[in-house]
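Subject: Structure handover

Hello,

Here is the structure for you to look through. My notes on it follow below.

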Amino acid sequence: MVLDDPEEIIRVWDSYADAEFRYASTDGTIHDHGEQNSKRREQLPTRRDILHRFLDREIDLETFRSEMVSAEASNRLWGFSGTSGGMFLNMLISTAEPDHEPELPALLRELLIAPEDTNAASEKIRRLEQRVEAIRSNIDNVQKAPHAGSIPYFLSYFWQLQEPDSFPIYYKSIRDALSDLDIWEPSGDLAEDYVEFWELNEEIRETIEDHTGKEIHLWGIERLCLYWLNKEQIDKPDTTQFFWINSASTGWYQEGGETFYKTTQTDGTERRNIEAYNQAQPGDQVLVYRNAPRRAIVGKAHVTEGLHEEYVESYDGPAEGITIAWDRSLEGVGWDSITTLPQLEGNPVVESNNPYVVTELSEDAYNTLLRLAEAGGPNHYWVTSNHRQWDVQSMGKGEEVFYTATSKAGSPRNQQEAFETAGAGDRVLFYASSPTSALVGEGTVVEGLHTEQPEGYEGPVEGVTIRYDGSVGPLDWSTVESVPEMADSAVIRTNGRGAIFPLPEEAFEALRHRNPIEDQIESLRGRLSQLSVSVHLPDELYFDSEAELQRQIQASLNSGKHIIFTGPPGTGKTKLAKHVCEHVAAAQGEIVDGYRFTTATAEWTTFDTIGGYVPNRTAEGDELVFQPRIFLDCFRRDGEIRNEWLVIDEINRSDIDKAFGQLFSVLSGDSVQLPYERDDPVEIASLDESASAERLESIVTTPDIFPVTPSWRLLATMNTYDKTSLYELSYAFMRRFNFVHVGVPPLEEDGKVRTSLLDPNGDENYATAWVKADESLRDVLETAYKQTAVVWHKVNQHQTIGPSIVRDLLGYLAAAGPDVSTDPGPALTDAVVALVFPQLEGMAPQAQRSLVDSLTATSVQTEAGPVDLTLDGDRLERKAEDFFDLPPRADE
């Protein structure tokens, strides 16, 4: 191919340069040459990846089609969504015969690989042409068959993805421009035509490079041709207008389709808003709205001819109107989403319920609607209201806020990508992080990421502008978590830690239409039943009187009583209290949410148990706010109503009157108003099944009321040895509890030590329970259980210790090494010093000395026969003198 008139190409290029390398696409949109090339370079890796995964057989043909079409729909940069691209591929797939279905993927994997030269390119085009002609000759409805004329574009598109600067795409716009310039006309032989087209592109490139002295990309020739075809759009000032058209007919919804919109009806009545017809000019942009059945914007079009007359057969004469040409179909945006757009405020489309056939749009409204329609509707977001920056609950309907993408310190907020994707028309739900911790409102994005100068910032920063449209809910966090559509959302995965989160549409609608007040009232009413539970004791603990202990706990709980577990150290009181809570929460999860654990201290006051005023860290000055503490947190936390049982370890370490105060009344089932206020007075409300609907509604809507349901319990522990050294429990306090003693069984029977309690091979006992939980204890038990049982007995003759301390002794022996199996005495000596001696504080020195002496006894009578203790008596004595500050024996 020889370029006959290189000067013509040079003339057009110079004109293009004078236009600052701007060109207009067929729909009249003005583009910048460099910007479009940059966008293509950004998208190339994505499309190459899709193609290579198909060629490498990592994805099947249908996935390949879907991903490639989606890529073009998201970024319309190569025109693949047209009839010669995505539609051609759809037809190839839909017309593939089932018996020969594998043939098409195999054929395409050969043909889509970039050819080595023009001969190879020609061969690939002819092979696909044969396939298409075979389809068309064997199909009943040829309208559903692919067209051979699409083949050069289809193949060259994929070739260019692989080698962008080697293969020109067979665009109609380039062919039309070359024809208009009298440079080239295709012959009709598709293979030969593409080869000539390819060679001609190279000649044009060489001509321009010789003229400019610069390298020219093939994309530059594409843009040059588009510039020439739509040159008048560049030369004239941009006076583009924008319109909304209600379409009743779908017959023109295809590439090249046109329709004539008349200014009068068939009876001669003039249509409303005739001014819009008078204003329309060629190149003006149009959005096409289909009222039925979709009620959505379905397409983009443009005016090809302003007000003029045409002969209309149904009018039996000429009629005046405008001609509109179809550009492309859109995914669509529905009426409900359209009516919420701030950009359409005051426009007849929404203000008068879409009354006209043709309606003017502002450029802002047009661009917002186009963006939404291309995406298939608005995106949806969860926006956390940062009350330190702006308070959503104080906003009025229609008020706007600029939500910065960075903090005042300049740090990017979490979920930064959501700031970048949010755009005008997208819908949001507002979550107030404090003080309510609830979804409280809905709104619309007015403007996507842009720059403003907000108050309190040193310079301009990026952010999004959002309009408040009205209230929802409120929905507390537990309600949000309970919505099934939220299960896999980023909000739940991150526990709401972030500024803006994307939301699936179904989750947005589920939250928006949730009636939280009624749901919460019914949820609270469901918690008002009395507790009825069967208690099982923990498998890893053994109790000599298990049935009796189980009966006492179960009767106490089911009769409405709180429990204090008493007994010597190491009897498993704390572990037992925790286990009971865990068991009840698992069995009665609909009314009990778990438990909270704390250890009492002598410094406790009602500030530690109930709460009190603390400085407001989010406010300036000396403002104080009420902060609930562990007791109130059992009933309500972050606005969410809870029923968490409370376990207080070593309760008599606290001064009960000072620490519990108003809680005395609550433990008796009474309600009490506390001397604190937040938005409302703080109240602890004791409820039962007779509570009225009005009372329940006031509780669920008032975060400052903390409801105590009939199934709530307080479990506490108390070491009996502490009764004399710590605070005494008042009778008024004690009568609010049932006391359940967890003691130590008799360690001697008929004058013999009960070694059977620690025999790992015996019937059910402490040892069998411990081995069941930890098999590694078996060997040390088999070696040392007799001596350990005697040590336990000797200690308990002076100071009672529970089986948990014995379990710790055995754990020490198990970790002491292999010598224990030969003689456990030395390791048992160390274990007694480390674990038993601390329990002997406060004993009389003579009793301490007597106990130490007993730990080296011999011929101790036991159920298993006489036992000699092999502990190191000298070392025990030295350690005791040091530990308890005992005088040497010679001084006693």
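Start with Phe635, which is buried at a relative accessible area of 1%. Buried means under 20% relative accessible area, exposed over 50%, and partly exposed in between (1.4 Å probe, protein chains only).

Two notes on method. This is a predicted model, in which local features need pLDDT of at least 70, side-chain atom pairs count only at pLDDT 80 or more, and totals for chains, interfaces and linings use all residues. Residues are numbered from 1 along each chain as its sequence is written, and side-chain values use heavy atoms, with hydrogens and water left out.

Aromatic pairs

A search of the whole structure gives 48 aromatic pairs. Rings of Phe, Tyr and Trp (its six-membered ring) pair if their centres lie within 6.5 Å; planes under 30 degrees apart are stacked, over 60 edge-to-face, and the rest tilted.

Phe635 and Trp712 have ring centres 5.0 Å apart and planes at 70°, so they pair edge-to-face. Phe635 sits in the loop between helix H24 (630-633) and strand S19 (636-637), and Trp712 in the loop between strand S24 (705-708) and strand S25 (714-719), so the pair ties together parts 77 residues apart in sequence. Helices (H or I, at least four residues) and strands (E, at least two) are DSSP runs, numbered from the N terminus. Trp712 is buried too, at 3% relative accessibility.

Phe837 and Phe883 have ring centres 5.8 Å apart and planes at 75°, so this pair is also edge-to-face. Phe837 lies in the loop between helix H32 (825-836) and helix H33 (845-854), while Phe883 is in helix H34 (residues 873-883), 46 residues apart. Phe837 is buried, with a relative accessible area of 0%. Phe883 is partly exposed, at 33%.

One aromatic cluster takes in Phe54, Phe64, Phe80, Phe88, Tyr153, Phe154, Tyr157, Phe158 and Tyr171.

Cores

The largest nonpolar core has 74 residues. Phe64, Leu112, Phe154 and Phe158 have the most contacts inside it. A nonpolar core here is a set of buried Ala, Val, Leu, Ile, Met, Phe, Trp, Tyr and Cys residues joined through side-chain atoms within 4.5 Å. Leaving out residues up to four places away in sequence, Leu112 touches Leu51, Phe54, Leu55, Phe64, Phe154, Leu155, Phe158, Trp159 and Gln162. Contact means heavy atoms within 4.5 Å. Another core, of 58 residues, lies apart from the largest one; Trp712 is among its members, as are Ala577, Ile591 and Ile684.

Helices around H9

Helix H6 (residues 118-138) packs on helix H9 (residues 190-212) at an angle of about 145°, with axes 8 Å apart. Axes are lines fitted to C-alpha atoms, for helices over the stretch in contact, and angles run from 0 to 180 degrees between N-to-C directions. Among the contact residues are Ile125 and Arg126 of H6 and Tyr194 and Trp198 of H9.

Helix H1 (residues 6-18) packs on H9 at about 65°, with axes 10 Å apart. This contact includes Ile10 and Trp13 of H1 and Ile204 and Ile208 of H9.

In helix H8 (residues 172-180), Ser173, Ile174, Arg175, Ala177 and Leu178 are buried. The buried residues of H8 pack against H9 and helix H10 (218-229). Asp182 follows H8 and has a positive phi, near 55°.

Best wishes
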